[in-house]
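Please consult the sequence and the model shown below.

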Amino acid sequence: MDLDSNARAILTGNDRGGYTVPNGRVYPFQWNWDSAFVAMGFDCFDPDRAWTEIETLFRAQWDDGFLPHIVFWQDDAGYFPGPSVWGTNRQPMTSGITQPPVAASMVRKLWDNAVAREEADGFRGRLEALFPKLMAWHRWFRDVRDPDGRGVVIATHPWETGRDNSPEWDVPGEPIDVSSVGDYVRRDTSHLDSKMRPTKLEYDRYLALVQFGRAKGWDQAEIARTNPFQVADIGMSMILLRAHRDLLALAAELGRHDDARELQEMIARAEAGIDWLWDDDRHCWSSRDRLTGRFSGFVTSASFLSFYAGLHDPLKDAAMLTHFERIGAKVPYLMPSLDPDDSGFQMIRYWRGPVWAVVNYMIGTGLAECGYDAQAQRVRRDTAELMRRNGLYEAYSPVDGTGSGGDDFSWTAAIWLAWARDAA
């Protein structure tokens, strides 16, 4: 089977009737940012199904605009932590944390594609219905997860960042009390090599934060005020700034002038305050512990999302491109999730080394939009080569290209169809 056909087969095979699971053996539910990227893949051969993916996700939105990171449309007793552990008492059943807000950017992509196909009239009503839901989620980030008014996103759980076990969270995670976590059985390590997955200590911390949120009744404002883990995440912050810009374009398309002015204010706030995440010592964009003010000190793949966010600072761009060239000379495949010069680099352990196609899509797109064509082409070619050589895995080693994590992975299939396969 050729890779195009395989990618379509993965998406249709992981379709559960309106939503797509990331991988049927490991992740049996709907994940927030996975679905946003998956929609872009479906749009290459079934635009109606692409819009349905996003619409299904937003059916689980809470009244305050919060959009959860997992929707448990059906329970699965073999998955941990399932809905009974989260205890959000929602219908549909959901987790109590969110994920990187890529949805508005993906909806804009769907809309632009519909316009290019001269099919906009058939999707305008669906865009009009989705827009206020997207806007409510962006307001939630502003009102609940930007307590200092800097235009950055404060993550209250490593899972929210999408980069679950990045070393960025190690030091901020040390104060988390894991003494009451108790015994549990993980599903991920029963399906995948434990050398690729987060450690037990990391997982204990994840579950302790779930217990903390549940004890607060999943009061998001209270959690944001009192949570022991509060990290200004460079990835979520850059993704949200980009999403604000894309939602602003959609507001203009729909003639929603009040919403457009509000989005312009959100963008201005972020552009004025996001320098709080620039680490002068490391000369890079970096996550930062809000409670201590300490930078993570790591150059990760998320550090390169400044281009995707549309930031334009010649000195900072030059510094990031210097990191780009240095890392690119170290590994055959960009962009590793952790700087390979770091002592903690591990080429197959989840977010401590492997390459992720969805992050490469955002990095490559941003570099191209900022005019850094050679670097953009390198990222795109590397991504395509990883897929051609190894198949459509969750992630890949930047050193030898081998696939890691789950195979037949939905968002990787989507990135192949929507972006990587056209690499020169």
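## Basis of the report

This is a predicted model, in which local features need pLDDT of at least 70, side-chain atom pairs count only at pLDDT 80 or more, and totals for chains, interfaces and linings use all residues. Residues are numbered from 1 along each chain as its sequence is written, and side-chain values use heavy atoms, with hydrogens and water left out.

Strand E5 (residues 231-232) and E8 run antiparallel and are joined by two bridges. Strands are DSSP runs of E with at least two residues, and helices are runs of H or I with at least four, both numbered from the N terminus; two strands pair if DSSP finds at least two bridges between them. Alanine 232 lies opposite arginine 288 in E8.

The order E4-E5-E8 describes an open sheet of three strands with antiparallel pairing. Strands E4 (154-155) and E8 (288-289) are at the edges, each with a single partner strand, so one side of each has no neighbour in the sheet.

## The sheet E1-E2-E3

Another open sheet has three strands in the order E1-E2-E3, also with antiparallel pairing. Its edges are strand E1 (30-31) and strand E3 (93-94); each has a single partner strand, so one side of each lacks a neighbour in the sheet. Two bridges connect strand E2 (residues 70-72) with E3, and phenylalanine 72 faces methionine 93 in E3.

## The whole protein

The protein contains 16 helices and ten strands. Of its 424 residues, 62% are buried, meaning under 20% relative accessible area with a 1.4 Å probe, protein chains only.

Definitions and conventions. Buried < 20%, exposed > 50% of the residue type's maximum accessible area, 1.4 Å probe, protein only.
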